[in-house]
Amino acid sequence: MPLELVCPAGSLMALKAAIDNGADAVYMGFRDNTNARAFPGLNFDDAQAAEGLRYAHDRGRKVLLALNTYPQSDTWQRWTGAVDRAAKLGMDAVILADAGLMRYAVKHYPALRLHLSVQGSATSYEAVNFYREHFGVQRAVLPRVLSLPQVENVVKNTPVEIELFGFGGLCVMVEGRCLLSSYCTGESPNSAGVCSPAKSVQWKETSTGLESRLNGVLLDRYGKDEKAGYPTLCKGRFEVSGETYYALEEPTSLNTLDLLPEMLKMGIAAIKIEGRQRSPAYVTQVTRVWRAAIDAVKKNAESFVPAPGWMAELNKLSEGQSHTLGAYHRPWK
Amino acid sequence: MNLSLGPLLYYWSREDTFAFYESAADWPVARVYLGETVCSRRHLLRLPDWLDVAGKLAAAGKEVVLSTQTLIESESDLKVLRKIVRDGRFLVEANEWGAVRLLSEAKVPFVAGPTLNIYNPQTLDVLAALGARRWLPPVEVSRSALAALLDHAPAGMETEVFAYGRLPLAYSARCFTARHYNLPKDDCQFRCLDHPDGLPLATREGKPFLTINGIQTQSAGVYNLIDELPSLRELGVACLRLSPQSRHMERVVKAYDAALAGDASAAAGLAKVMPGASVDGYWHGRAGLEHDATQHG
C-alpha cells in the first residue's frame with residue numbers, strides 16, 4: 001500500500017492520538033539513548049510499549065521502534081538488549097542505523113523486519129541496496145537532502161521501500177553526518193541521541209535583547225518583537241563577512257503536502273511525520289491533516305490541491321510559522 | 001606511527017592544487033589521500049587529473065589512496081564513484097556505504113573513511129569482512145571510546161586518526177557558500193575558489209565558531225593532537241591524518257614529523273602556523289570546541 005502515514009509517538013498519549021486520527025503506523029523509542037530523541041520525560045518503558053502495541057494492533061495499525069543511534073563500544077549490550085526487547089514485544093519493525101547492530105538483529109531474529117533509519121545517511125540506491133543485500137533491510141528512510149527527481153532515481157533502482165519525511169522539523173544537514181551539536185555541547189544525535197540538548201541551553205535577558213546560548217555559545221539574540229524559537233544550533237543567526245543572518249537555515253519546518261501527487265506517482269511507500277518530542281495535541285492536528293490529504297490524493301491525484309485549511313493549520317504548528325519544501329525543491333539548495 | 005595527508009577539503013585553482021601536491025611529494029608523509037570528497041560541482045580537477053597526480057606521488061614513493069565523495073546525490077556522482085572503483089591502481093577510501101558496496105563487489109581492499117560512522121567493533125568487523133584494511137573513527141570519537149573499540153577490533157586492521165585540521169562536522173544538500181552570496185547552488189559561480197581555507201562564521205559577539213566550506217561545515221577551531229602522541233601510540237594507532245590548509249602545510253607536516261621523532265619543541269612551532277585556535281575537546285570526551293588547558297596555551 002503506497003503512502004503509508006507514519007506518525008511520531010513520544011508518549012502513550014501521543015501514540016493513541018496518532019492512531020485515533022488515522023496514522024497507519026507510529027514510531028517510538030525506548031527510554032534511553034538508543035534512539036535519536038533521547039529527551040527527559042519522553043519515550044516508552046516496556047509496559048508502556050506493550051500497551052501501545054496492543055492499542056495499535058487492535059486497530060490494525062503498526063508500531064515501529066526507532067533504535068537509530070550508533071551503539072557505543074562499552075555499552076553495546078544496551079543496543080542489543082533493545083533489539084531483544086523489540087523482538088519480544090512484537091514490534092512490527094525496528095529502525096536501525098548501525099551496520100553492526102543490523103548484523104546482530106538478522107542473526108538472532110531473522111523474522112524481525114528491518115528499516116534503515118535516516119540516521120544511516122543512505123542517499124543513493126547503491127547504499128540502500130547494500131543494506132538490502134547484507135541485512136535484508138525492507139525499507140529505507142532517505143535523508144532530507146535529495147531533490148524529487150533524485151528520490152525517484154533511488155526508487156527506480158531498488159526493491160527496498162522508500163520512506164520520506166513529509167512534515168516537521170527540518171534537518172538542513174545530512175542526518176547521521178552532522179556533528180555540530182557535539183562540537184558545541186559534547187553530545188550529538190549519533191552518539192547521544194540528542195541535538196542541541198536542552199540541558200546545554202541558556203536564555204538570558206540583556207540590554208540588547210533576549211539571548212539564547214548553547215553551552216555558552218551565542219546562537220541568537222532576539223529583538224523585542226521577534227519570536228524566539230528553540231535554539232537548534234543550525235538555526236541560529238551568525239556573522240559571516242560582516243553580515244548577520246541565518247547562515248545555515250532559517251527556523252522553518254518542512255511541509256511537503258504540495259508534493260503528494262508526485263510522491264504517490266513515483267511509488268513512495270510511506271510518509272514520515274517528524275516530532276516525537278511534540279505534544280499529543282500537536283500529533284492529533286498534524287495526523288488529522290495528513291490523513292485527509294493522503295486520502296484525497298489517493299482518490300484523485302490529478303486534481304489534488306492541498307485545502308487552504310490544511311495549510312493554515314500546519315503553518316500554525318510550524319517552527320517560525322513558516323514552511324519550506326526543503327531539498328525536494330531544487331531552488332532551496 | 002606515520003603521517004597521512006588527508007584529502008583536500010577546499011576548492012583551489014588547478015595551478016595551486018598541482019603545486020601543492022608537487023611539494024607534498026617531498027614531505028615526510030607516508031601516504032596521500034586524493035580526490036574531491038565534498039562537492040561534485042568542483043571540477044577544475046577531474047578524475048583523470050587526480051589519477052595523474054596519484055601516479056606522480058606513487059612514483060615519489062607515497063602510498064596513494066583515492067577518497068570518494070561523502071554525499072552522493074545523483075547518477076553522475078555514482079558514475080564517478082564507479083570509475084574510481086574500476087580504475088583499480090590505487091587503494092580507495094570509502095566515505096559512504098554505496099562505495100562500500102561497489103568496493104566489496106570488486107573484491108578489493110579499501111579504507112573505511114571517517115563518515116561511515118564506525119562507533120563499535122561489531123561494525124568495524126562487518127567492514128573487515130567486506131575488505132576494509134584500514135579505518136578512521138568519526139572525528140567526534142574520544143580517546144576512551146576509541147580504546148574501548150580497539151579492545152575488540154578485528155585482527156590486522158590499521159587505525160588512522162584525524163589528528164590535525166579544521167574538523168569536517170556536517171554535510172548538506174545546501175551550499176552555504178552560495179547562500180552567503182545569495183546565489184543558487186546550481187549557479188554558484190564557484191565562489192569557494194575565493195576561500196582557500198573556507199569562509200569564517202562567527203557568533204553575533206564575534207567569536208569564531210564554524211567555517212563554511214560549500215556544502216560542508218567545519219569547525220573554526222583547528223583540531224590538534226600533537227600533544228597526544230603518547231596516548232595515540234599506546235592505543236596502537238598506525239597513522240595520523242593531517243588535513244590540508246592553503247598556507248604553511250609543509251611546516252605542519254614537519255612539526256608532526258619532528259614531534260613523532262621526539263622533538264618537544266615541535267608543538268610550539270606548530271602553533272605559529274595554525275589558521276585558528278587549537279581544539280581537542282573531542283579527544284578528551286568533551287565538547288569539540290574545548291581545549292585541554294593543561295597542555296600548551
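Mentor: Chain A is divided into domain 1 (4-170 + 252-332) and domain 2 (180-245); the bounds come from an automatic or database domain assignment. This is a predicted model: local features need pLDDT of at least 70, side-chain atom pairs count only at pLDDT 80 or more, and totals for chains, interfaces and linings use all residues. Residues are numbered from 1 along each chain as its sequence is written, while chains are lettered from A and ligands numbered from 1 in the order in which they are written.

Trainee: How many residues of domain 1 of chain A are in contact with domain 2?
Mentor: 12, and they meet seven residues of domain 2 of chain A. Contact means C-beta atoms, placed from the backbone, within 7 Å.

Trainee: And how far apart are the domain centres?
Mentor: The C-alpha centres lie 27 Å apart.

Trainee: Switching to chain B. What is its secondary structure?
Mentor: Chain B has 10 helices and 12 strands. These are DSSP runs, numbered from the N terminus: helices are H or I, at least four residues, and strands are E, at least two.

Trainee: What about its spans?
Mentor: Along its principal axes, the C-alpha trace of chain B spans about 50 × 50 × 35 Å.

Trainee: Now the two chains. How many residues are in contact?
Mentor: 54 of chain A with 53 of chain B.

Trainee: Which strands join up there?
Mentor: β8(A) and β7 (residues 158-172) of chain B run antiparallel, joined by two bridges. Strands pair if DSSP finds at least two bridges between them.

Trainee: Which residue stands opposite A:M173?
Mentor: B:S172, in β7(B).

Methods. Contact = placed C-beta atoms within 7 Å.
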